[in-house]
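Visitor: I would like a close look at one part of this model, with the cut-offs stated as you go. Please keep the account connected.

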Amino acid sequence: PRSLAATRSYSLAPQSFEDAVRFADLVCKSDFVPKDYKNNPGNVLVAVQMGAEIGLAPLQAIQNIAVINGRPSVWGDAALALVRASSLCEYVSETTTGTVATCTCKRRGEAEPIVRTFSEADAKRANLWGKQGPWTQYPQRMLQLRARAFALRDAFPDVLRGLSVAEEVRDYAVPTQPERLAAPPVTTRAPRARGALRRLARP
């Protein structure tokens with residue numbers, strides 16, 4: 001019997017737009033997609049295209065690109081993987097001391113590394129510290145991901161193609177549409193109309 005290594009690999013990557021449409025329709029009906037892609041072939045199609053632009057295979061894109069408040073973002077672990085896989089990256093180093101997380105990354109060919117921190121004090125100013133969910137369950141991990149997001153986006157915007165990091169975007173408040181003021185009633189013709197009625201009413 002042939003070993004798995006000897007068998008020919010099979011790829012689901014679409015080879016044409018028609019393939020991509022069929023792929024999206026098939027995948028969105030499976031149980032292996034996040035809720036933003038469930039029964040939504042359009043979202044799947046866009047995620048696959050965005051994944052191709054930043055170097056993610058179709059299924060990787062669906063698992064690692066999130067739609068938050070209508071905005072596509074990449075999860076922090078995938079962002080780190082993309083940067084480290086790039087020839088532009090010399091190194092990425094992360095440390096957490098107490099309640100201060102630091103991410104240091106160096107772009108090849110540049111003299112100085114990019115250093116970004118995120119602390120408990122920063123989280124409190126942003127009303128994140130003690131927030132229900134991951135900020136309560138894994139506060140140090142969230143500090144780490146915030147420092148990482150700032151550093152990677154500042155040092156490697158071309159690698160991430162301008163995408164934000166999902167852990168950062170999901171903490172933003174949903175923007176509200178400004179209330180539209182009601183326009184005052186148009187009354188410029190009213191006096192003329194009233195004058196005309198008075199003239200008609202004269203004997």
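Visitor: How many disulfides does the count come to?

Guide: The model is predicted: local features need pLDDT of at least 70 and side-chain atom pairs count only at pLDDT 80 or more, while totals for chains, interfaces and linings use all residues. Residues are numbered from 1 along each chain as its sequence is written, and side-chain values use heavy atoms, with hydrogens and water left out.

The count comes to zero disulfides, a disulfide being a pair of cysteine sulfur atoms within 2.5 Å. The sulfur of Cys 89 has its closest cysteine sulfur in Cys 105, at 7.1 Å, which is too far for a bond. Cys 103 is in no disulfide either; its nearest cysteine sulfur, also that of Cys 105, is 5.0 Å away. Cys 89 counts as buried at 7% relative accessibility, and Cys 103 counts as buried at 0%. Buried here means under 20% relative accessible area, exposed means over 50%, and partly exposed lies in between, with a 1.4 Å probe and protein chains only.

Strand β3 covers residues 89-97 and pairs with β4 in the antiparallel sense over eight bridges. Strands are DSSP runs of E with at least two residues, helices are runs of H or I with at least four, and both are numbered from the N terminus; two strands pair if DSSP finds at least two bridges between them. β3 and β4 form a hairpin with two residues between them, and Gly 98 in the turn has a positive phi of about 65°.

Within β4, which spans residues 100-107, sits Thr 104. Thr 104 is buried, at a relative accessible area of 19%. Leaving aside residues up to four places away in sequence, Thr 104 touches Tyr 91, Val 92, Ser 93, Pro 113, Ile 114 and Val 115, where contact means heavy atoms within 4.5 Å.

Ile 114 opens the way to strand β5, residues 114-119, which holds Phe 118. The count of aromatic pairs comes to three. Rings of Phe, Tyr and Trp (its six-membered ring) pair if their centres lie within 6.5 Å; planes under 30 degrees apart count as stacked, over 60 as edge-to-face and the rest as tilted. Phe 118 and Trp 135 have ring centres 6.4 Å apart and planes at 50°, so this pair is tilted. Because Trp 135 lies in helix α6 (residues 134-137), the pair ties β5 to a part 17 residues apart in sequence. Phe 118 and Trp 135 are both buried. Together with Trp 129 and Phe 150, they form one aromatic cluster.
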